[in-house]
Amino acid sequence: MFVLKKNQIIITALAAMVAAAGYLNYIDNKSLEPQELMFNENGELVDVSYDELEASGDIT
C-alpha cells in the first residue's frame, strides 16, 4: 500500500495552488486586452482587437 508522507502532501498542495494562480492570472490578463468597437462598410458594429488595428495601419 502507498503511504503519503506529510511533506508530499504539502508539496502537492503548493504545486496545485501555483498552477491555479497561474491559470487565473492568464485568463485575467487575456480579458484585459485592449479592444475597439468600429463600424464596418455595411454600418455594422464590429469588435476589433488592438493587434488587428495595428496590423492594418489604422493606428500607429
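A residue is termed buried under 20% relative accessible area, exposed over 50%, and partly exposed in between. This cut-off applies to the stops below, all of them in a predicted model.

**The whole chain.** Begin by selecting the protein chain and displaying its secondary structure: two helices and two strands are present, in the sequence order α-β-β-α. Of its 60 residues, 5% are buried. The accessible surface amounts to about 5600 Å², and carbon and sulfur atoms account for 61% of that area.

**Colouring by confidence.** Next, colour the chain by pLDDT. The average is 77, and 65% of the residues score at least 70. Among the elements, H1 has the highest mean pLDDT (89), whereas helix H2 (residues 50-56) has the lowest (64). Where pLDDT is low, the predicted coordinates should not be read in detail.

**Helix H1.** Now select residues 6-31, which form helix H1, and locate Ile10 within this helix. Is Ile10 buried or exposed, or does it lie in between? Its relative accessibility is 41%, so Ile10 counts as partly exposed.

**Strand E2.** Move on to residues 45-49, strand E2, where Leu45 is located. Leu45 counts as exposed because its relative accessibility is 53%. Which residues does Leu45 contact, leaving aside its neighbours within four places in sequence? Select Leu37, Met38 and Phe39 to display these contacts of Leu45.

Definitions and conventions
Residues are numbered from 1 along each chain as its sequence is written. This is a predicted model: local features need pLDDT of at least 70, side-chain atom pairs count only at pLDDT 80 or more; totals for chains, interfaces and linings use all residues. Side-chain values use heavy atoms; hydrogens and water are left out. Helices (H or I, at least four residues) and strands (E, at least two) are DSSP runs, numbered from the N terminus. Buried means under 20% relative accessible area, exposed over 50%, partly exposed in between (1.4 Å probe, protein chains only). Accessible areas come from the Shrake-Rupley method with a 1.4 Å probe; for residues, only the protein chains shown count as cover. pLDDT is the predictor's confidence in each residue, from 0 to 100. Contact means heavy atoms within 4.5 Å.
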